[in-house]
Amino acid sequence: MKTTLPLTITQLQEELAKGQYSLVSLVDSYLERINKHNPKLNAFLTISDEVAYKQAKKADKSIKELGKEAFEKYPLLGVAVSHKDLFLTKGVRSTAGSKVLENYIPPYSATVVERLENAGAILLGKNNCDAWAHGASGENSDYGPTKNPWNMEYVPGGSSSGSAVSVASNFTMVSTGTDTGGSVRQPANFCGVYGLKPTYGAVSRYGIVAMASSLDSVGHFARSAEDIKKVFDVTQGEDGRDATVKTTSFSKPKAKMRLGIPKEYFIEGLDSEVEKAVKGASKVFEKEGIELVDISLPHTKYAISVYYIVQPAEVSSNLGRYDGIRFGNPRNSFGAEAKRRIMLGTYVLSSGYYDAYYLKAMKVRTKIIEDFDNAYKSVDAIIAPVSPTPAFKLGEKAQDPLQMYLADILTVAGNLAGIPGLSVPYGSNIKGLPLGFQLLGPRFSEYVLFELAEVFEKATGYKPKVAKL
Amino acid sequence: MRSLTKSDVDHVAKLANLALSKEESEKFQKQLSEVVNYVSELSEVETSDTEPTSQTTGLENNLRADELKKERTLSVDEALSGSDNTHNGYFKVSAILEERSDK
């Protein structure tokens, strides 16, 4: 049994190559940690120990047979992963955080699940989340809220709440999430880990419960920029099962880069420590020879309104398929937030209101995209806060949907524009809650964002951190 | 302030096939009115010359060959595995037609 769990993929694979431990014994250690601490954090809805041991044995065998070559053949060999419960996992219960799918065992796996498995990753289980990915705090899960591992009176962010907590608590090395309006970047920020929202269309959504189809993007959490990149190498690209995915060439980092600071993201009400962290991070980049440029994204203030029309409209359509006939429970099993969004979406699409709300929102969406296109003429990426505040207290916004919706104010524009965003952890506030920032880039500029994050890590002497449980 | 009436809420619930309790209807009437009122700020944006965006990929008619592939096809048993309400390889559903009573 191994007592200290590895923190990065590189560390894991070096130790495995040296034969320091077997993957079966590593799975023992992970499961012991999960079983000991998960009951108070509620990050997991299902633990897939049977699958995990099967995959661990297979991986141990590959290392024995192929030696170091095994890590070339299987780039994520031995990496412990967990999936947001929106990801279908063949034979392993997938609930989407909702009682509608309480007993649903999917007959097939999502593309991303399959690809991670084929790359040698080991599935430890399924993570709690806001039901149907509706939420910014994890409190909308039908299976109870997930707690922030840095302080259990605080929310971990949402909707990919359990996934972020899983990586921050070292229950897994990597976890997956979906980001429709900030659901990867914001919990990553609240939990002090890296979170990637890829370009819309870079990663297949096949086999993942759909929330808002023109916004959903499939991302992941890890503890270093390098690990985020290693997983993205595996998940991105065409699978022939999602017509929005097209294999394209990604832009490459330049020798001399420019980073934009959008004035509209430093809004009234922005927490002073959040602002200080983002401004401090900008200075780090400047010292590394990256030029800072003040930019303007004038339609930013309308992003939340566009989002809360387009997103519920698409939600109401996507959740129309849950009729309780072919799988799942009937529609009276939907929780309050899902019903609220179905109602809102049905209303804005209904006869007489379509032009005033949905069509208008789609037009303002174009304006928001034009803002980004203009900005990227003069900068390679943008640095901004992820959320107006660090993690807030459990229950603080739960009774007021509009206040909860406004928590997405700095992340939704990225989804409306379909651009990639990387949440980077950087320090903590006076209460010990994590702080950080997001890097946004033009479509298919993921590798530019990874490079910037790696420059930042080197400059700040970043070391992966795990919450003390 | 734009607000939803009780009959708006009932109408929308019917369209969405949701059965709401009286308490839920009242709560949603207030909460949805607040959100709708907030998002109405979009009317101040000038968009008369702006095309709507429905997707951001720039892809059009991304087609694949229409061929049957075994690895992407569920067997009947797999397709039915999510329901206990099956009969002879079919899903059972509630009747939607009734026998005429005036015959």
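1. Helices here are DSSP runs of H or I, at least four residues long, numbered from the N terminus. With that in hand, take helix 9 of chain A. A:Lys283 and A:Glu286 both lie in this helix, three residues apart, about one turn of the helix. The two form a salt bridge, with the closest N and O atoms 3.7 Å apart. A:Glu286 is partly exposed, at 39% relative accessible area.

2. The model is predicted. The predictor gives the complex an ipTM of 0.93 and a pTM of 0.97. For chain B the mean pLDDT is 91, and 99% of the residues reach 70 or more. Among the elements of chain B, helix 1 (residues 6-15) has the highest mean pLDDT, 96. Helix 2 (residues 22-39) of chain B has the lowest, 94.

3. Helix 9 (residues 272-287) of chain A also holds A:Glu275 and A:Lys279, four residues apart, so about one helical turn separates them. Their side chains meet in a salt bridge at 3.1 Å, N to O. A:Glu275 is partly exposed, with a relative accessible area of 28%. A:Lys279 is partly exposed too, at 37%.

4. Which residue of chain B forms a salt bridge with A:Lys339? The partner is B:Glu24, and the closest N and O atoms are 2.7 Å apart. A:Lys339 lies in helix 11 (residues 336-349) of chain A and B:Glu24 in helix 2 of chain B, so the pair joins two chains. Are these two residues buried or exposed? A:Lys339 has 8% relative accessibility and counts as buried. B:Glu24 is buried as well, at 18%. The cut-off for buried is under 20%.

5. A:Glu337, A:Arg340 and A:Arg341 are linked in a network of salt bridges. Over all chains the count comes to 22 salt bridges. Side chains of opposite charge can pair when their charged atoms come close.

6. Now the sheet of chain A. Eleven strands form an open sheet in the order 1-3-2-4-6-5-10-11-9-7-8, with mixed pairing. Its edge strands are strand 1 (44-47) and strand 8 (291-295), each of which pairs on one side only. From one strand to the next the twist averages 30°.

7. Strand 2 pairs with strand 3 (residues 122-127) of chain A in the parallel sense, over five bridges. Strand 2 also runs parallel to strand 4 (residues 174-179) of chain A, joined by two bridges.

8. A:Val81 can be followed to both neighbours. In strand 3 of chain A, A:Val81 stands opposite A:Leu123. In strand 4 of chain A, the bridge partner of A:Val81 is A:Val174.

9. What handedness does the β-α-β unit of strand 2, helix 5 and strand 3 of chain A have? The unit is right-handed, with helix 5 spanning residues 111-118.

10. Helix 3 (residues 49-66) of chain A lies across strand 1 and strand 3, running at about 160° to strand 3. Helix 8 (residues 225-235) of chain A lies across strand 4, strand 5 (194-197), strand 6 (217-222) and strand 10 (421-428). Helix 8 of chain A runs at about 145° to strand 6 of chain A.

Methods:
Residues numbered from 1 in each chain as written. Chains lettered and ligands numbered in written order. Predicted model: local features only at pLDDT ≥ 70, side-chain atom pairs only at ≥ 80, totals over all residues. Heavy atoms only, no water. pLDDT = per-residue confidence, 0-100. Salt bridge = Lys/Arg side-chain N within 4 Å of Asp/Glu carboxyl O. Buried < 20%, exposed > 50% of the residue type's maximum accessible area, 1.4 Å probe, protein only. Pairing = 2+ DSSP bridges. Right-handed = clockwise from strand over helix to strand, strands pointing away. Axes fitted to C-alpha atoms, helices over the stretch in contact; angles between N-to-C directions. Contact = heavy atoms within 4.5 Å.
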